[in-house]
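Take a look at the chain shown here.

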Amino acid sequence: MTNAVIPVERIEPKIFRVREQNVMLDTDLAALYGVQVKVLNQAVKRNIERFPDDFMFQLTADEDARLRSQSVTLKTGRGQHRKYLPLAFTEQGVAMLSSVLRSPRAAQVNVQIMRTFVRLRRMLASNEELARKLAALERKYDSQFKAVFDAIRSLMSPPEKTRRRIGFVRNGGS
């Protein structure tokens, strides 16, 4: 990897929502910082007092499985799996990582990650503000506009993921 600044669009998909917090996983952070996961985690363990529970936590097996199924990162073969569950870093934990990983690249990457967190926070805030305004309008006007408000709400919510059946289906048979 070069020392070029990483675009926000490359960082955004690596931010996950876990335990009602936006977090980044140690594997993704290590790749962005250009270090091995082992090196990142050793630096954190050597400075564990800088990472309280609201800065960093270890995922449970269930959380790890759900995230793994979302991102399809499981490799096959001997030696391809982690011994330990991943560490998840909140925005404050990511900021603290720059003081633990002392390299010019770490500083550059950290700036971009902070910008990405700020951008996501702004998007969430604007969506919440829009929802509040919509609720106020809904209270103000009578039921004749209910269909309009319902349509707007459905456009604001994320699309549901549907699964199609794969394979041959016979008509009229069992």
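## Loop, core and helices

Arg19 is partly exposed, because its relative accessible area is 40%. That value lies between the 20% and 50% limits for this class. The model is a predicted one. Arg19 sits in the loop that joins strand 1 (15-18) to strand 2 (21-25). Its phi is positive, about 55°, although Arg19 is not a glycine.

Glu20 lies in the loop between strand 1 and strand 2. Phi of Glu20 is also positive, near 60°, and this residue is other than glycine. Glu20 is exposed, because its relative accessible area is 70%. The table sets out the two residues.

| Residue | Phi | Relative accessible area |
|---|---|---|
| Arg19 | about 55° | 40% |
| Glu20 | near 60° | 70% |

The largest nonpolar core has 25 residues. Those with the most contacts inside this core are Met24, Leu29, Tyr33, Leu40, Phe89, Val94 and Ile113. Five elements each supply at least two of its residues: helix 2 (26-33), helix 3 (37-46), strand 4 (87-89), helix 5 (91-100) and helix 6 (104-140). Which element gives the most to this core? Helix 6 does, with six residues. In soluble globular proteins, nonpolar side chains tend to be buried together.

Ile113 shows how the parts meet. Beyond its neighbours within four places in sequence, Ile113 is in contact with Ile11, Met24, Leu29, Leu32, Tyr33 and Val94.

Next comes the pairing of helix 2 with helix 6. Their axes come within 9 Å and cross at roughly 125°. Helix 2 is therefore oblique to helix 6. From helix 2, Leu29, Leu32 and Tyr33 meet Arg105, Ala106, Val109, Asn110 and Ile113 of helix 6. The residues of this contact comprise six nonpolar, one polar and one charged.

How far apart are the end C-alpha atoms of helix 6? They are 55 Å apart. At 1.5 Å a residue, its 37 residues should span 54 Å, so the two values agree.

How values were computed. Residues numbered from 1 in each chain as written. Predicted model: local features only at pLDDT ≥ 70, side-chain atom pairs only at ≥ 80, totals over all residues. Heavy atoms only, no water. Core = buried A, V, L, I, M, F, W, Y, C linked by side-chain atoms within 4.5 Å. Buried < 20%, exposed > 50% of the residue type's maximum accessible area, 1.4 Å probe, protein only. Helix = DSSP H or I, 4+ residues; strand = E, 2+ residues; numbered from the N terminus. Contact = heavy atoms within 4.5 Å. Axes fitted to C-alpha atoms, helices over the stretch in contact; angles between N-to-C directions. Parallel < 35°, antiparallel > 145°, perpendicular 65-115°, else oblique. Nonpolar A, V, L, I, M, F, W, Y, C, P; charged D, E, K, R; others polar. Expected span 1.5 Å × (residues − 1).
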